[in-house]
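Biologist: I'd like to go through this one with you step by step. Have a look at it first, and then I'll start asking.

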Amino acid sequence: MSQLKDTLFRKIEEQRPRVTRLLKEYGQVELDKVTIAQAIGGVRGVKCLVTDISYLDPEEGVRFRGKTIPETFAALPKVPGSEYPYVEGFWYFLLTGEVPTMEQTLEVVADFQARRPVPQYVFDALRAMPRDLHPMAMLSAAIVVMQGESIFAKRYNEGMGKGDLWDPMYEDSCNLLAKLPAIAAYIYRLKYKGDTPIPSDPELDFGGDFAHMMGIAPPYDDVARMYFILHSDHESGNVSAHTTRLVASALADAYYSLSAGVNGLSGPLHGLANQEVLRWIQSKMEKLGGKLPTEEELERYLWDTLNSGQVIPGYGHAVLRRTDPRFSAQMEFCEKYLPNDDLYRLVKMLYKVAPKVLQEHGKARNPWPNVDAQSGVIQWHYGITQYEYYTVLFAVGRALGVLANITWDRALGYPLERPKSITLDMMEKTAGIQ
Ligand SMILES: CC(=O)SCCNC(=O)CCNC(=O)[C@H](O)C(C)(C)COP(=O)(O)OP(=O)(O)OC[C@H]1O[C@@H](n2cnc3c(N)ncnc32)[C@H](O)[C@@H]1OP(=O)(O)O
Ligand SMILES: O=C([O-])CC(=O)C(=O)O
């Protein structure tokens with residue numbers, strides 16, 4: 001058994017009695033109450049999910065396994081000559097909560113390299129799709145088309161007991177993760193680079209190989225590592241994480257579950273917002289003949305967008321109540337590597353103007369930027385100007401978090417998710433209206 005799997009199993013055995021005790025001795029303790037506004041309003045704020053992979057504090061932002069973003073970057077082993085950690089070491093950390101040594105990290109790197117080859121039929125399937133299909137639809141289809149590879153589904157059909165299902169879920173998760181960079185890069189080169197895929201370099205790490213297959217020179221390898229880690233997890237109530245987990249709760253395998261989660265990420269209020277930010281900015285610049293808007297022009301554009309009933313993409317959040325630290329982490333990167341980039345200057349101007357406008361508008365509970373307000377700019381700078389592709393990058397990162405979550409869900413024996421619904425009549429009766 002690998003050191004990662006061994007450590008994971010030890011951690012699982014530590015956590016199982018905690019769940020059993022909570023259920024048996026404290027199962028009736030109330031965690032929360034649900035109001036009518038919450039039931040109608042997307043279950044906002046109701047504490048009814050459990051995960052240890054990450055936690056989102058409204059003021060502080062996300063912590064992965066208890067560590068803030070800067071703490072996470074500082075703690076994990078770095079790729080030699082790079083400023084950012086191995087994605088593989090981060091996977092070890094997300095799964096186990098332990099910071100791996102360099103040796104443990106390199107074991108995962110080698111394990112992922114061995115799992116990396118993508119079945120030819122995935123590429124054939126991608127080639128058979130309409131070339132103008134959205135890259136998120138291509139990614140979701142490429143993931144689900146591999147469902148026949150699922151070890152989880154095989155073991156389940158062979159009658160494997162519930163308590164052991166975490167093992168094939170872990171195996172499927174590692175297999176899927178290791179293949180995602182090649183699939184994502186293939187989609188990019190097929191759609192936007194004249195059908196010129198670049199084969200994987202078996203010596204490279206997850207982020208390095210992705211940059212290589214995209215055909216983009218360093219420091220894009222570090223951009224990829226940073227990007228995948230930043231987008232990985234945001235506790236389990238967000239649409240992509242929750243969808244993945246919900247589907248997996250019916251004991252669907254990782255291929256079905258991740259494909260479903262990727263579909264959820266494709267909504268413009270969720271992961272697609274990063275493409276929308278660029279689309280929104282570009283549309284203004286086109287109207288100005290390619291010029292950057294002034295602060296006044298930008299403010300007017302913000303009001304025009306709001307007055308036409310649309311949202312300002314990249315701003316607001318269902319949980320956060322301050323600037324997203326993932327936005328700040330990317331801003332730090334921009335300050336260092338692309339301080340004079342026009343688009344970055346515009347994003348900074350937007351950061352100055354938009355919160356004021358949103359506050360004055362008075363609807364959004366959080367007028368501050370989220371991760372999506374910043375991430376497209378970096379990609380654009382390194383040549384990925386096809387903004388409809390940005391959510392694919394988000395999805396590769398998000399796979400780390402959601403696959404860690406569903407592995408743990410099976411380890412802790414969490415059951416089928418099935419909240420109760422009521423009718424409007426019943427709700428009115430409860431409210432004393434009828
Ligand atoms: C990775 C991620 O998923 S991060 C989020 C990415 N999404 C975006 O950036 C899209 C723009 N933002 C939004 O649409 C929202 O802020 C969401 C979807 C992220 C959160 O939604 P909610 O939790 O419902 O936010 P909130 O409680 O603040 O909403 C209250 C009102 O303010 C509006 N509002 C919230 N954010 C914005 C915004 N950026 N621009 C305009 N209006 C907004 C909501 O649409 C809602 O209006 P309504 O009462 O007419 O329905
Ligand atoms: O937490 C959320 O609801 C949305 C988000 O930022 C993410 O999933 O990364």
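What follows is a chat about helices, loops and ligands.

Biologist: First things first: what kind of model is this?

Modeller: Residues are numbered from 1 along each chain as its sequence is written, while chains are lettered from A and ligands numbered from 1 in the order in which they are written. Local features need pLDDT of at least 70, side-chain atom pairs count only at pLDDT 80 or more, and totals for chains, interfaces and linings use all residues, all of this for what is a predicted model.

Biologist: Let's pick helix H13, residues 254-265; how far apart are its end C-alpha atoms?

Modeller: Helices here are DSSP runs of H or I with at least four residues, strands are runs of E with at least two, and both are numbered from the N terminus. The expected span is 1.5 Å times one less than the number of residues. For the 12 residues of H13 that gives 16 Å, and this agrees with the distance between the end C-alpha atoms, 16 Å.

Biologist: And how many residues of H13 are buried?

Modeller: A residue is buried if 20 or more other C-beta atoms lie within 10 Å of its own, exposed if 12 or fewer, and partly exposed in between, with C-beta atoms placed from the backbone. Among the buried residues of H13 are Tyr255, Leu258, Gly261 and Leu265. H13 is largely enclosed by the rest of the structure because its buried residues number 12 of the 12.

Biologist: Which helices do those buried residues pack against?

Modeller: Packing comes down to contacts, and two residues are in contact if their C-beta atoms, placed from the backbone, lie within 7 Å. For the buried residues of H13, the partners are helix H7 (135-145), helix H8 (151-157), helix H9 (166-192), helix H12 (239-249) and helix H19 (390-411).

Biologist: H9 and H19 keep coming up; at what angle do they pack?

Modeller: Axes are lines fitted to C-alpha atoms, for helices over the stretch in contact, and angles run from 0 to 180 degrees between N-to-C directions. Angles under 35 degrees count as roughly parallel, over 145 as roughly antiparallel, 65 to 115 as roughly perpendicular and the rest as oblique. With their axes 9 Å apart, H9 and H19 pack at about 175°. That makes H9, relative to H19, roughly antiparallel.

Biologist: How many nonpolar residues does that contact have?

Modeller: Met169, Leu176 and Leu180 are among the H9 residues that meet H19, whose side includes Val396, Leu403 and Ile406. For classes, Ala, Val, Leu, Ile, Met, Phe, Trp, Tyr, Cys and Pro count as nonpolar, Asp, Glu, Lys and Arg as charged, and the others, Gly among them, as polar. The contact of H9 with H19 has two polar residues, one charged, and a nonpolar count of 16.

Biologist: Now helix H4 (residues 87-96) and helix H5 (residues 102-115): at what angle do they cross?

Modeller: H4 and H5 are roughly perpendicular to each other. Their axes come within 8 Å, and the crossing angle is roughly 110°.

Biologist: Is aspartate 195 buried or exposed?

Modeller: Aspartate 195 lies in the loop between H9 and H10, and its phi is near 60°, a positive value. With 11 C-beta neighbours inside 10 Å, aspartate 195 counts as exposed.

Biologist: What is phi for leucine 251?

Modeller: Leucine 251 sits in the loop between H12 and H13. With 16 C-beta neighbours inside 10 Å, leucine 251 counts as partly exposed. The phi of leucine 251 is positive, near 65°.

Biologist: Last one: how many residues surround ligand 1?

Modeller: A residue is near a molecule or strand if its C-beta atom, placed from the backbone, lies within 6 Å of it. By class, the shell around ligand 1 has 10 nonpolar, seven polar and four charged residues. Ala273, Gly316, Ala318, Ala364 and Arg365 are the closest, and the number of residues around ligand 1 is 21.
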